[in-house]
Amino acid sequence: MDKVTKITLMYDFYGQLLTDKQRDFIELYYGNDFSLGEIAEKYGVSRQAVHDTLKRTENMLQNYESKLQLVNKYLAQRAKLAEAARLLEECGSPVSQQVSRAREILQEVLEMDGGVI
């Protein structure tokens, strides 16, 4: 998983534990693709201050994840759901109504988060 995806997922889980400024910087940098300079100008601080805040915030998110493991648990559950969906697809035809409904349910759950696995 790339860094941006991992930071975004950790932010989704732990963002409410951050200060308003930390949340704003993460959202602007990772979510809206602002540069350090653009964020610095918007907040009237130096690029170095933005960089330091982002690094400190990323470390905090990593620390939360290392202790709570919410992202890892989420990804493991998504992988198991995807595997179950794949196994149901391999059942072939004809299938019972129960198998068909189980496929639909799994597909709905997997699509709730945009299919992130």
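These legends accompany close-up views of helix packing and nonpolar cores in a predicted model. Local features need pLDDT of at least 70 and side-chain atom pairs count only at pLDDT 80 or more, while totals for chains, interfaces and linings use all residues. Residues are numbered from 1 along each chain as its sequence is written, and side-chain values use heavy atoms, with hydrogens and water left out.

**View 1. Helix 1 meets helix 5.** Here are helix 1 (residues 3–14) and helix 5 (residues 70–89), whose axes come within 9 Å and cross at roughly 110°. Helices are DSSP runs (H or I, at least four residues), numbered from the N terminus; axes are lines fitted to C-alpha atoms over the stretch in contact, and angles run from 0 to 180 degrees between N-to-C directions. The two helices are therefore roughly perpendicular (65 to 115 degrees). Lys6, Leu9, Met10, Phe13 and Tyr14 of helix 1 meet Leu70, Val71, Asn72, Tyr74 and Leu75 of helix 5 (contact means heavy atoms within 4.5 Å).

**View 2. Helix 2 packs on helix 4.** The axes of helix 2 and helix 4 lie 10 Å apart, at an angle of about 100°. That makes this pair roughly perpendicular too. Gln22, Phe25, Ile26, Tyr29 and Tyr30 of helix 2 make the contact with residues of helix 4 including Val50, Leu54 and Met60.

**View 3. The largest nonpolar core.** Look here for 19 residues; Ile7, Met10, Ile26, Val50, Leu54, Leu61 and Val71 have the most contacts inside this core. Such a core is a set of buried Ala, Val, Leu, Ile, Met, Phe, Trp, Tyr and Cys residues joined through side-chain atoms within 4.5 Å, where buried means under 20% relative accessible area (1.4 Å probe, protein chains only). Helix 1 gives the most to this core, with five residues.

Terms used:
Parallel < 35°, antiparallel > 145°, perpendicular 65-115°, else oblique. Buried < 20%, exposed > 50% of the residue type's maximum accessible area, 1.4 Å probe, protein only.
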